[in-house]
Amino acid sequence: MVVLTKKIYLHNAQVQTNLIPAKLSVNIWGRGTGKTYGVTAIKAYFNSILMPRSVGAIGCPSFQHMMEHIFPQIVKSWEVMGLVEGRDFVCFKEPPVDWEKAHVKPRDHKRCIFFRNGSAIKLFSFNYNSLANGESIDWIIIDEARLCKEKAVGEALKCLRGNEEHFSHLSIHKSICFVTDMPRVPSEFW
């Protein structure tokens, strides 16, 4: 396990949402307030570390948006916290053989992040590779939530059913985190 000793700056809202290990976290913040950097990345890291060998998921409206905007901010946040890609986590490739493996190891490495403690994060989008029937995950974060279709999000949330025997005692097991800016049209107010 990596112990973070580096000082990082977070504003009050980021600190408050990360201090509370909530089962449901809804973060509706203005544009440019550090939602992905200060919420998505940190909650994903804490969930992965506090539930070793778990599998979580981060979703957003499109995979292009995920790769161009969400994923780079996640990695940047982790690097600021002192994590090193290749040493503490690997992206989009099979993890080193001496690392722990998830309780239910993802078979497709192309859209996953793996941690040394065996935890994995599946990156998905609602327009390309959403979570499939039969998936079992331990936590989920929906970034840019207002742009996602309510029905598709509901289907993805049905996948929160993994590893009861290992993590059911934790408040963050089966946790849901929505991160978004203010909805603008009626279809986004779900």
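So, the lining of the largest cavity: that's Pro95, Glu100, Lys101, Ala102, Lys105, Pro106, Phe114, Phe115, Gly118 and Ser119. Cavity here means a set of points on a 1 Å grid over the protein atoms alone where a 1.4 Å probe fits but cannot get out, and lining residues have an atom within 4 Å of a point. One caveat: this is a predicted model, where local features need pLDDT of at least 70, side-chain atom pairs count only at pLDDT 80 or more, and totals for chains, interfaces and linings use all residues. Residues are numbered from 1 along each chain as its sequence is written, and side-chain values use heavy atoms, with hydrogens and water left out.

The volume is about 30 Å³, taken as the space filled by probe spheres set on the points, which are joined across faces, edges and corners.

Okay, cores. A nonpolar core is a set of buried Ala, Val, Leu, Ile, Met, Phe, Trp, Tyr and Cys residues joined through side-chain atoms within 4.5 Å, buried being under 20% relative accessible area with a 1.4 Å probe, protein chains only. The largest has 31 residues, and Ile58, Trp78, Phe89, Ile113, Ile121 and Leu123 touch the most other members. Apart from it there's another core, of 22 residues, including Phe114 and Ala102.

Methods:
Buried means under 20% relative accessible area, exposed over 50%, partly exposed in between (1.4 Å probe, protein chains only). On a 1 Å grid over the protein atoms alone, a cavity is a set of points where a 1.4 Å probe fits but cannot get out, and a pocket is an open set with protein on both sides within 12 Å along at least five of seven lines; lining residues have an atom within 4 Å of a point.
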